[in-house]
Amino acid sequence: MRKILIVGAGHSGLHLAHGLLNHGYDVTVITGQSSQEIRTGRPSITQMTFPTALDYERELHLDFWSGQAPRIEDFKMHLYPPGGEAAVLKGRTGARDQYTISIDRRIKMADWLEYFEDAGGKVVIHGVTLSDLDYFSRMFDLIVVAVGHGELGALFDNDTSRFSGARPRVVAQANIYDVLPDAGESPNIGWAASAADAGNMILLPFLTADGPCHSLFLGDRRGGPMDVWPDRPRPDEQWRRMQDLLRTYAPEYYERVAGASLVDGSSTLVEYFTPQVRNPVGVLPSGGLALGIADVVITMDPFVGQGWNHSTRCARSYLQSIVEHGDRPFDEEFLAGAFERFWEYGLPVQSFAELCSTMWDQELPPHFQEIIGAAATYPEVGDRWIQGWDYPPDFEKWLYDPEKARAYLDEVAAAHGGR
Ligand SMILES: Cc1cc2nc3c(=O)[nH]c(=O)nc-3n(C[C@H](O)[C@H](O)[C@H](O)COP(=O)(O)OP(=O)(O)OC[C@H]3O[C@@H](n4cnc5c(N)ncnc54)[C@H](O)[C@@H]3O)c2cc1C
């Protein structure tokens with residue numbers, strides 16, 4: 001039986017670990033935090049599990065929460081031009097019977113780790129160093145490094161030849177109760193905004209250990225108008241400043257959260273980071289090899305909310321590559337090839353991140369206005385935009401290029417007998 005070591009029990013590491021276990025591999029997960037420590041630890045950046053990623057989790061029997069979590073069937077997107085009123089587009093997050101959910105990472109990762117052990121996987125709680133990895137490389141057929149933003153990621157060189165659209169970012173987040181509903185809409189609608197004068201905002205129903213609430217995310221460029229956290233304020237002060245920012249840059253969001261309050265004293269975070277792409281193959285001091293996965297290799301721009309989608313798809317793509325490889329050695333060619341296969345999906349997602357990051361560098365392109373206008377008449381146009389978050393490569397087929405966009409709008413209008 002082939003022996004595989006996964007370092008890091010995060011989103012990608014555990015998804016891959018469960019998949020390999022289901023295929024009969026001998027899988028060991030070594031990670032720095034026990035499930036209890038994860039449960040009681042700090043919050044992390046809010047995840048969105050879009051319908052396809054949720055289906056992938058179901059394939060591995062890992063969707064434990066659909067019964068309790070708020071089901072986000074619709075999203076509203078607000079585009080705030082400089083000093084102006086928001087253009088609004090609404091769409092479904094999936095097909096009729098599909099939805100998106102958002103679960104506190106502390107519940108999700110802790111449950112997945114415990115379930116992995118219950119299902120026969122081996123778990124070792126230990127922070128891993130480079131020399132540990134070197135030693136392990138003699139004991140396992142394959143090592144996958146899934147430490148996210150952990151320091152071990154330094155084993156993988158920054159790859160400037162690949163497109164990363166790197167811009168230093170800051171993210172502030174809060175989990176809150178008592179958000180006002182969006183009148184006339186489902187109580188579980190999600191909201192996302194991009195503001196020319198500031199950065200991006202996401203307000204969505206969220207499941208924590210204490211039950212449903214909302215998660216509010218504010219992302220901006222480092223040094224931008226929403227980077228007001230140099231003094232690392234306490235949670236109550238952070239929340240007050242987040243409300244102030246919304247009052248200034250996204251008044252509709254402020255109205256919904258003006259009377260809201262923090263879930264508890266461990267409901268906020270501020271993170272600074274720079275998106276990047278690294279070389280996926282790490283060479284250990286004694287010549288052994290390790291394969292980097294998800295955030296170790298590609299740190300997504302948080303503006304697009306794709307980090308978790310990316311991790312799931314990366315883990316699933318590596319799983320397919322490993323299984324298809326059979327008994328052949330996991331040599332450098334295999335490791336590099338496994339990443340290339342995933343990068344076919346990863347590159348278009350970087351393009352989407354680039355679009356969202358540069359959208360306000362000039363006036364909103366006229367064809368965007370036409371699409372938003374058409375979505376008010378033809379719901380499938382809004383649906384396609386929102387469902388692009390599930391699978392961003394679809395945007396290349398119709399959204400970026402004005403001619404393709406207009407051809408698509410003509411097609412939709414013709415199907416309705418108009419234009
Ligand atoms: C700081 C931070 C920045 C993020 N940035 C983005 C972003 O830019 N864009 C975006 O969309 N989403 C971002 N996310 C959101 C999303 O969390 C990630 O995309 C997703 O969780 C990545 O999954 P992963 O498996 O790569 O890593 P993670 O889910 O972070 O898991 C890493 C695991 O490795 C373990 N670990 C770390 N070091 C060691 C070690 N030395 N030995 C053993 N175990 C170790 C950790 O305990 C953890 O279990 C970020 C999250 C965080 C916490």
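A polar contact is a pair of N or O atoms within 3.5 Å; within protein, one atom must be able to donate a hydrogen and the other to accept it, and residues adjacent in sequence count only if both atoms are side-chain atoms. The model is predicted: local features need pLDDT of at least 70, side-chain atom pairs count only at pLDDT 80 or more, and totals for chains, interfaces and linings use all residues. Residues are numbered from 1 along each chain as its sequence is written, and side-chain values use heavy atoms, with hydrogens and water left out.

**View 1. Asp63 sits in the loop between helix H3 (51–59) and strand E3.** Helices (H or I, at least four residues) and strands (E, at least two) are DSSP runs, numbered from the N terminus. The Asp63 side chain makes a polar contact of 3.1 Å with the side chain of Arg58. Another, of 2.7 Å, links it to the side chain of Ser66. Asp63 is buried, at 18% relative accessible area. Buried means under 20%, exposed over 50%, and partly exposed in between (1.4 Å probe, protein chains only). Neighbours up to four places away in sequence aside, Asp63 touches Leu54, Glu57, Arg58 and Ile101. Contact here means heavy atoms within 4.5 Å.

**View 2. His61 and Asp178 have positive phi values.** His61 lies in the loop between H3 and E3. Its phi is near 60°, in a residue other than glycine. His61 is exposed, at 53% relative accessibility. Asp178 belongs to the loop between strand E7 (169–177) and strand E8 (190–195). The phi of Asp178 is near 65°. Asp178 is exposed too, at 59% relative accessibility.

**View 3. Ser311 lies in helix H8 (residues 307–325).** Its relative accessibility is 6%, so Ser311 counts as buried. A polar atom of the Ser311 side chain lies 2.8 Å from the backbone oxygen of Gly307. Residues up to four places away in sequence not counted, Ser311 touches His11, Ser12, Ala294 and Asp295. His11 is 300 residues away in sequence, yet the C-alpha atoms of His11 and Ser311 are 6.4 Å apart.

**View 4. Ser321 is also found in helix H8.** Ser321 is buried, with a relative accessible area of 7%. Its side chain makes a polar contact of 3.2 Å with the side chain of Arg341. Leaving aside neighbours within four places in sequence, Ser321 is in contact with Phe334, Ala338 and Arg341.

**View 5. Helix H11 (residues 379–387) has buried residues Val381, Gly382, Asp383, Trp385 and Ile386.** What covers them includes strands E3 (74–80) and E4 (87–92). Helices H10 (366–377) and H12 (402–415) are also among the cover.

**View 6. The whole protein holds 12 helices and 16 strands.** Its radius of gyration is 22 Å, close to the 22 Å that the globule rule gives for 419 residues, so the protein is as compact as a globular protein of that length. The radius is taken over C-alpha atoms, and the rule is 2.2 Å times the number of residues to the power 0.38. The C-alpha atoms fill a box of roughly 60 × 50 × 40 Å along the principal axes. Of the 419 residues, 58% count as buried. Among contacts with a separation of 6 or more, 76% join residues 24 or more positions apart.
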